[in-house]
Amino acid sequence: MRNLIFLLLIAVGLIGSKAYAQRVYEPKVYIGAKGGATLSNVQFTPHVKQSLRQGLLMGATVRYTEEKIFGIIGELLVEQRGWKENFEEAPFAYNRELTYITLPVLTHIYFGSSKMKGFVNFGASVSYMLGSKIRSDFDYANALKQPGFPSYRSVEQMSMDIKNKFDYGILGGVGAEFIIKKKHSIILEGRYYFGLGNIFSATKKDVFSGSRNTSIEISLGYMFRIK
């Protein structure tokens, strides 16, 4: 009788283990690359009139999923941000390009079929500025001396050096993933980045109390499942 009970317990255990294994979602790991465009400006306080500045982004991405709708994404990107002054009717042009290496870490929530999935990503990003480049068709260091230049405009930001090369902020996006083969997929995504740090010094004696990066990011990526 003891042997029979023992065999029954083993059988029940094996059946339970098999059922549990069927319920557990298999972890998946993906690697890939992405590239795209940015539309950025800087939130100045006091306000500076701007247009969205066009730039580029590119880099590598890793994604890990362990639940049926949940995962984590890490990326290493090179991204162009900055701002473009809007002079309205005045015949002047000023464009400042800020190039960053960025490390976003995002929560990935997805849904859909085996052929197409929608998703939402949100999380944080830290960045380090690699360089700054100015394109202008006038002497921006002496802007108010230029004939016809609007005298009411703020001009200090045009020639100021970047004080803080490190940047950090929050990031969110939505997109779609198209599975073209079992382990291959194409991803289209739009994101919005809001910086929490200031690129210029922001003490009481400084010109600007706020100078935060913001950016709209549109990218196309390729992912390959390695596990």
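**Entry 1: cavities**

I searched the whole structure, a predicted model, and found two cavities of 30 Å³ or more. By cavity I mean a set of points, on a 1 Å grid over the protein atoms alone, where a 1.4 Å probe fits but cannot get out; lining residues have an atom within 4 Å of a point. Grid points are joined across faces, edges and corners, and a volume is the space filled by probe spheres set on the points.

I note that residues are numbered from 1 along each chain as its sequence is written, and that side-chain values use heavy atoms, with hydrogens and water left out. Local features need pLDDT of at least 70 and side-chain atom pairs count only at pLDDT 80 or more, while totals for chains, interfaces and linings use all residues.

**Entry 2: the largest cavity**

I recorded a volume of about 130 Å³ for the largest cavity. Its lining has 16 residues, and Thr61, Glu75, Ile187, Glu189 and Met223 are the closest to its centre. I then looked up which strands (DSSP runs of E, at least two residues, numbered from the N terminus) are involved. At least two lining residues each come from strand 1 (28–45), strand 3 (53–65), strand 4 (70–85), strand 6 (116–136), strand 8 (184–195) and strand 9 (210–225). Strand 9 provides the largest share, four residues. I sorted the lining by class into six nonpolar, five polar and five charged residues; Ala, Val, Leu, Ile, Met, Phe, Trp, Tyr, Cys and Pro count as nonpolar, Asp, Glu, Lys and Arg as charged, and the others, Gly among them, as polar.

**Entry 3: the second largest cavity**

For the second largest cavity I noted a volume of about 30 Å³. Its lining includes Leu77, Glu79, Arg81, Arg191, Tyr193 and Glu217. Strand 4 contributes the most to this lining, with three residues; strand 5 (94–112) and strand 8 each supply at least two. By class I found four nonpolar, two polar and four charged residues.

**Entry 4: nonpolar cores**

I next looked up nonpolar cores, sets of buried Ala, Val, Leu, Ile, Met, Phe, Trp, Tyr and Cys residues joined through side-chain atoms within 4.5 Å, where buried means under 20% relative accessible area with a 1.4 Å probe, protein chains only. The largest has 20 residues, and Phe87, Phe138, Phe149, Met158 and Ile199 have the most contacts inside it. Strand 5 gives this core its largest share, three residues.

Another core lies apart, with five residues, among them Tyr30, Tyr110, Ile187 and Met223.

Key
1 Å grid on protein atoms, 1.4 Å probe; cavity = no way out; pocket = protein on both sides within 12 Å on 5 of 7 lines; lining within 4 Å. Buried < 20%, exposed > 50% of the residue type's maximum accessible area, 1.4 Å probe, protein only.
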